Amino acid sequence: KRQVSTQSTWGVGFYHQLFVQMALFFNFKTQSAQKAQTTQSAWHPEESVLAVSTVNGQVNIFNEEGDKSETNISRPNSTTTCLAWHPKQKMLCMGWRDGALSIWSSQEPLTTKEAQNLHDRSPITALLWNSTGQRFLSADANGTVAVWRPDSRGRLVSIYQHRFPGEIAQLVFIQKALITGEKGKPGVADKAIRREDSTVAAKKAETKKEPAKVEPDDLTVEDEDVLVRARNYSDDCLFLCAGGDGKVYIADDLANYSMVIPCTLR
């Protein structure tokens, strides 16, 4: 098990935990000359490499023993807001406060590529790869969600842009089978979707004098046809995003989207 400690203002400590009969930790401090505060860090999901960004616009790559690679990613006039590793390849995407997207790949370790500017200098708030690495999402503070695909040269190619109200805080890929069902099991679209008055939650909480709890059966949508329409959405890229208006949207890479309120308290 690998863990990251960012208590130091100039470096990152690595911890390896061996599960035998006791927990044994090894602490490796990063070999970096940077004394700027750490802002972001991200482990690769399969490889033993760690990306660390600092407040002065630097991004460094380290191995599991803390040794720094020759990679020197720098953007002095901005700072990173998000880091996201490709699930299979040593490819790192970086989102910046000025709305830029940078891509670093181990195939060309001494250079970085800039993606097409689709976020109009709005700070990047979320980055996400799907499990196969064939689709990539980037979101910003103005509500833009861009859908990308990587090409054979390690560049991001724009597929579509969605625009939602307010800042996008979270992105989550989902399986279409969750909507349509599979192997005789009904999907969400096949189940009855109940509407509940939002005041019921307050009444129950007041009566019982305890906070209302969210139950699995509390799932509701603003439009009962939303999830039914989702049957026609893309098989390869279906995702949820949380908007600044307090609602959750379901969307794909084919210009389809619907507004969903995933749960209400009762």
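1. Ser41 stands opposite Val52 in β5, and the two strands concerned, β4 (residues 38–43) and β5 (residues 49–54), run antiparallel and are joined by five bridges. Strands here are DSSP runs of E of at least two residues, numbered from the N terminus, and two of them pair if DSSP finds at least two bridges between them. A hairpin of five residues leads from β4 to β5.

2. The model is predicted, so that local features need pLDDT of at least 70 and side-chain atom pairs count only at pLDDT 80 or more, while totals for chains, interfaces and linings use all residues. Residues are numbered from 1 along each chain as its sequence is written, and side-chain values use heavy atoms, with hydrogens and water left out.

3. Six salt bridges are counted, each defined as a side-chain nitrogen of Lys or Arg within 4 Å of a carboxyl oxygen of Asp or Glu. One of them joins Glu46 to Lys88 at 3.5 Å, N to O. Because Glu46 lies in the loop between β4 and β5 and Lys88 in the loop between β8 (80–85) and β9 (91–96), the pair ties together parts that are 42 residues apart in sequence.

4. Glu46 is partly exposed at a relative accessible area of 48%, and Lys88 is partly exposed at 47% (buried means under 20%, exposed over 50%, partly exposed in between, with a 1.4 Å probe and protein chains only).

5. Glu108 and Lys113 form a salt bridge with closest N and O atoms 2.8 Å apart, and Arg155 forms one with Asp151 at 2.9 Å. Arg75, Asp98 and Glu114 are linked in a network of salt bridges.

Definitions and conventions: Helix = DSSP H or I, 4+ residues; strand = E, 2+ residues; numbered from the N terminus.
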